[in-house]
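Hi,

Here is the model I said I would pass on. Have a look, and my notes follow below.

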Amino acid sequence: MANIATQRIKREFKEVVKSEEVARCAIRIDLVNDSWSELRGEIAGPPDTPYEGGVFALEILVPETYPFNPPKVRFLTKIWHPNISSVTGAICLDILKDQWAAAMTLRTVLLSLQALLAAAEPDDPQDAVVARQYKEYHNIFKTTAQHWTAIYAGGPNRIGEYETRVTRLVDMGVDELTARAVLSANNWDLERATETIFS
Amino acid sequence: MMSRGEGGSYATARSMSFNLQDGPANALALSKDNSHVVVAGRNVFKILAIEEDCFVEKVNLRVGKNLNLNYSCNDVVWSILDENLIATGATNGAVVLWNLSKITRAKQEHVFADHQRTVHKVVFHPTDPFMLLSGSQDGTVKCFDLRVREAKLTFKSNSESVRDVQFLPKNNFSFTSVSENGSVQLWDVRKGGERPFLTFTAHSGPVFSCDWHPDLPNTLATGGRDRAIKVWTVTNVATLDHSIATVASVGRIKWRPSRKNHIGSTSLVVDASVCVWDVRRPFVPFAAFEKHKDVATGIIWKNSPHIFLSTSKDCTVWQHVFKDATRPASKAMPQALAVNVRRGEIAQAVTTYQSDSAAPPRFPIFNRKTASLDEQFHMARSLFFTFEAGRLLRDGFRVECAERYTLIGKSPQELCDINAKIALSLNMKSVALVWEITKLFLNTRITEPVPHIETTKVTVPTPNHVSQAPPKPKEDNEDHISDDDQNHSSSELESQDVLGEIASGLHMTQNLFMSAGPTYEFQINQEGPVLPAEAFQHRHEIREGSPPLHLEDCSPRDVDEAIETVAVENRTSYLKFKFVDPVPAFEFSESITKALQFHAKEGDVQTAVCVWLVLAPVVKLPIERRVLEAWCYAYIELLQRNRLYAQAAVVIKHCGVLGHLSQESTSYLICCGKCGKPLTQKAGNFCDKCRKAVARCGVCHMTVTGLMSWCQGCGHGGHIEHLRKWFSGHKECPVGCGHVCHS
């Protein structure tokens with residue numbers, strides 16, 4: 001990896017480790033290997049959001065051309081969010097794309113993602129299904145996000161009703177992940193979900 | 001009581017002095033009829049009679065053995081109305097009244113011990129014989145009634161110290177006081193001592209003296225420590241009419257009687273002369289009296305515009321007569337010339353003369369009098385021109401030379417060659433010549449030419465001769481440069497002339513200047529030396545007091561004498577011999593040094609420094625370090641003035657004597673870009689306040705220690721390489737401020 005990139009990542013890693021957000025467990029960063037090109041980040045779900053209580057893992061890939069190009073970040077933990085792909089974890093955030101500035105660091109990126117969880121941008125979606133739900137059935141969106149957080153990120157509110165519907169589909173021989181995803185996409189309408197799966 | 005002499009008239013009066021012996025005098029006062037003067041100081045208190053051509057001591061008022069401080073006077077005043085009454089202000093704060101009509105030796109009549117501190121000034125009321133004013137260091141003015149023997153009124157000036165008090169002329173109730181805080185206050189005695197009716201600030205420092213014009217109403221002059229005498233018109237407000245700049249703090253001032261614009265002044269320090277100024281000419285005194293050897297402390301006009309008395313710290317009293325005055329203005333040069341080197345401008349001021357008849361009489365009031373010398377005052381008018389040269393030819397050449405000269409990086413010969421060409425291309429032939437000669441010298445030194453004689457009659461000089469004898473032409477050259485006026489034989493003088501021109505670089509042919517390398521031709525009798533005896537004798541006569549003659553030791557006797565014959569007999573050709581390089585190991589550094597010194601002396605420090613720099617690696621020229629430093633400083637300053645910083649840096653680096661300059665003069669102060677706090681040397685690039693490194697690269701976030709580039713628009717920047725790379729892919733600022741730096 002280019003010298004400048006390594007230098008910067010090392011400094012930024014230290015910055016995150018020393019930051020007060022780490023001190024209150026809001027963000028965290030770990031090394032994956034010795035090359036400094038791949039890192040593992042974690043952010044806590046912001047309070048007063050459906051993601052509260054969850055901890056979301058992130059994959060951070062530092063390109064050779066860093067800091068001229070932004071790091072590649074995606075969610076490893078599954079998450080129900082308009083700007084994050086519920087399938088791949090890809091993030092739609094301007095600063096990770098064309099609005100990247102060299103002044104940004106790993107810490108600011110993690111904090112930006114945390115902010116993104118708190119304030120979604122449904123008009124500029126990554127996941128159109130989630131975005132539509134966010135706009136049209138906001139309550140369902142909230143409970144769904146809560147449910148996902150509980151299941152995948154260790155959040156407190158498992159929605160029992162949603163759980164039983166997933167179990168129903170699983171009983172029909174459907175993979176649990178698929179079942180949950182399809183149910184979530186169909187606003188937990190069991191019939192339409194079944195239709196979607198089996199049609 | 002005292003015999004009374006007549007005050008001298010102007011016609012008979014003359015300058016005279018009296019030595020007080022007892023100590024310096026602080027003040028003096030004249031008696032009512034101007035026949036006596038009282039002089040007072042710390043240790044002196046005497047009354048002198050003013051005779052026709054001398055002072056005669058009449059009374060010494062310091063009597064008794066245990067003198068108390070009451071006798072230590074700061075000021076003295078003689079009553080205008082009562083010729084027996086004298087008042088003094090003492091340094092202990094006492095105002096003492098003396099009555100000369102007392103029969104006892106001690107004439108002290110009464111002591112007013114009202115003031116807390118030194119009394120600076122006492123003054124009698126011009127019309128009321130019983131009223132006395134005193135101004136003191138304690139900041140008050142007190143009004144005494146001599147009948148009741150006590151202070152009647154106290155005026156608090158609201159300042160540290162009152163330095164002078166004067167009644168307004170032709171006004172019985174008002175007086176003015178000046179104080180050390182620079183203000184002038186006007187008081188009305190009738191209104192009591194609470195507030196002055198007018199206060200204004202006259203000087204930017206203590207005011208030491210003031211004087212109302214005796215004839216002009218409302219005209220007040222003040223003199224202060226700010227080295228100015230100011231003339232005010234005081235009505236309801238004070239307006240400044242004139243300001244005279246003096247050379248030192250003004251001690252005392254006194255208007256000249258019967259003259260509208262003349263005022264006498266003494267200095268408190270430095271200047272021992274008593275000056276009389278025309279207020280309209282603010283810088284040059286109208287007349288100066290330079291009799292005193294120390295600063296004058298008191299001045300009083302003897303009821304005549306032509307005679308006045310003064311006392312001084314040099315323990316003398318002088319009577320000055322105007323005809324003995326010096327006129328500084330007449331000595332002043334009315335023309336001036338100044339040169340602006342930087343821009344090549346010349347400013348010139350010249351007087352334009354007006355014929356006296358054409359000049360209208362300025363002051364008709366005095367016109368009836370016969371125009372004595374001191375009346376003739378007319379405004380000198382000057383014209384001011386500036387001349388601008390498009391470019392000072394010589395200076396321009398120097399700058400171009402400085403730019404193009406190569407001083408390092410090549411062998412000295414090459415450098416000489418290059419620089420000679422540069423100088424020649426700029427038509428600076430003399431400088432080019434210096435370079436060429438230097439080069440030739442260098443060549444000589446390195447090639448060590450083998451001497452050979454073409455004529456058989458002449459033997460080759462032996463090596464020990466060589467070592468003994470310095471080469472001839474060089475010596476001539478030296479003599480010439482050092483401008484020694486010695487007696488030379490005709491031939492020497494001739495060669496000196498030529499060499500002189502060479503040294504000054506006017507024109508020159510190489511082989512004349514060179515002692516080594518070029519060929520010298522001497523004509524010697526081919527048949528053999530035939531020496532007239534007179535020649536030998538003659539030579540010795542000439543030699544007296546002159547430097548050793550040429551070639552004496554380095555050639556055989558016969559040749560030597562033959563040459564001398566030639567010299568004496570005006571170059572009659574007898575014999576021709578030719579030799580090349582008579583002195584192989586010629587040490588030229590001294591000649592070069594002389595040449596450089598000559599150039600430096602002529603103001604061409606550039607050539608001196610450059611040649612020396614070029615030679616420095618190979619030859620150590622016997623130049624004093626001090627001289628060298630002076631040259632280098634001068635040249636560096638010239639370069640920097642012409643903004644040739646790179647060239648100046650080269651000189652600093654390679655001159656070897658000013659190495660510290662490159663460390664000293666490049667100090668700079670760095671501040672944090674965020675908070676503006678200056679960075680301490682210790683912390684380097686770390687700002688204590690922001691707890692952050694300053695000057696961080698916007699891309700790599702490291703501190704920029706080398707060249708930093710930043711956007712003029714948003715102020716963000718960093719390493720040039722990083723920014724270049726960033727902007728190859730982005731248009732916006734790398735810091736993310738949103739500024740489109742790269743458009």
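The contact (heavy atoms within 4.5 Å) draws 14 residues from chain B and 13 residues from chain A. Of the area that chain B buries against chain A, 41% comes from B:His701, B:Met702 and B:Trp726, more than from any other three residues. Together, the two chains bury about 1,100 Å², with 66% of that on carbon and sulfur atoms; buried area here is the accessible area (1.4 Å probe) lost by two parts on being put together, summed over both.

Before you dig in: this is a predicted model, where local features need pLDDT of at least 70 and side-chain atom pairs count only at pLDDT 80 or more, while totals for chains, interfaces and linings use all residues. Residues are numbered from 1 along each chain as its sequence is written, chains are lettered from A and ligands numbered from 1 in the order written, and side-chain values use heavy atoms, leaving out hydrogens and water.

A:Thr105 is buried at a relative accessible area of 6% (buried means under 20%, 1.4 Å probe, protein chains only). Leaving out residues up to four places away in sequence, A:Thr105 touches A:Arg8, A:Glu12, A:Glu15, A:Tyr66 and, from chain B, B:His701.

Cheers

How values were computed: Buried < 20%, exposed > 50% of the residue type's maximum accessible area, 1.4 Å probe, protein only.
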